[in-house]
Amino acid sequence: MRKTKAKKRPLLPDPKFNDQLVTRFVNNLMLDGKKSIAFKIFYDALDIVESKKGDNEKSSLEIWKDALTNVMPHVEVRSRRVGGANFQIPMPIRADRKISMAMKWLIKYAKARNDKSMAL
């Protein structure tokens with residue numbers, strides 16, 4: 001018999017933008033429990049975006065959110081067994097899984113860049 005599903009814990013919004021999505025991103029970015037360093041990296045990156053953007057463009061937080069939505073997948077393939085054969089069938093993804101995959105991909109490829117733009 002399966003256990004009951006674990007309850008989702010509420011996230012506190014970040015101190016600067018008062019946004020839960022930022023906290024979730026920083027929690028994924030964090031290494032070895034160093035949340036203050038992860039917040040510093042994130043806020044410094046947004047400051048860099050703020051300095052590079054034009055005058056009439058969106059804020060750096062909106063640009064980051066747009067980047068996150070651009071990376072989000074809409075479908076994923078799942079294996080289905082039909083008539084003795086396995087098929088890869090595209091299926092829509094839950095909203096929270098979309099966001100978590102996009103965050104993980106952004107962080108992974110930012111860390112994999114050769115230039116030391118993401119200082120850890």
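A salt bridge here is a side-chain nitrogen of Lys or Arg within 4 Å of a carboxyl oxygen of Asp or Glu. By that criterion, a search of the whole structure, a predicted model, finds 9 salt bridges.

**Figure 1. Overall fold of the protein chain, with its 4 helices and 2 strands.** From the N terminus on, the order of elements is α-α-α-β-β-α. The C-alpha atoms fill a box of roughly 60 × 35 × 30 Å along the principal axes. The radius of gyration is 18 Å, whereas a compact globule of 120 residues would have one near 14 Å. Of the 120 residues, 24% count as buried. Among contacts with a separation of 6 or more, 44% join residues 24 or more positions apart.

**Figure 2. Salt bridge between Asp-96 and Lys-8.** The closest N and O atoms are 3.9 Å apart. Asp-96 sits in helix H4, residues 95-112, while Lys-8 belongs to the segment before helix H1 (20-29), so the pair ties together parts 88 residues apart in sequence. The two partners can be read by their accessibility. Asp-96 is partly exposed, at 27% relative accessibility. Lys-8 reaches 67% and counts as exposed, because the cut-off for that class is over 50%.

**Figure 3. Asp-96 with a further partner, Arg-94.** Here the closest N and O atoms of the salt bridge lie 3.3 Å apart. Arg-94 is exposed, with a relative accessible area of 54%. Shared partners join Lys-8, Arg-94 and Asp-96 into one network of salt bridges. Asp-96 takes part in the bridge to Lys-8 and in the bridge to Arg-94.

**Figure 4. Salt bridge between Lys-53 and Glu-50.** The side chains meet at 3.5 Å, N to O. Is Lys-53 buried or exposed? Lys-53 counts as buried, because its relative accessibility of 18% falls under the 20% cut-off.

**Figure 5. Surface and charge of the protein chain.** The accessible surface comes to about 9,500 Å². Carbon and sulfur atoms own 55% of that area. How many positive and negative side chains does the protein chain have? There are 26 positive and 13 negative side chains. The centres of these two sets lie 14 Å apart.

How values were computed: Residues numbered from 1 in each chain as written. Predicted model: local features only at pLDDT ≥ 70, side-chain atom pairs only at ≥ 80, totals over all residues. Heavy atoms only, no water. Buried < 20%, exposed > 50% of the residue type's maximum accessible area, 1.4 Å probe, protein only. Rg over C-alpha atoms; globule rule 2.2 N^0.38 Å. Contact = heavy atoms within 4.5 Å. Areas by Shrake-Rupley, 256 points an atom, 1.4 Å probe, with all protein chains shown as cover. Lys, Arg positive; Asp, Glu negative; His and termini not counted. Charge placed at Lys NZ, Arg CZ, Asp CG, Glu CD.
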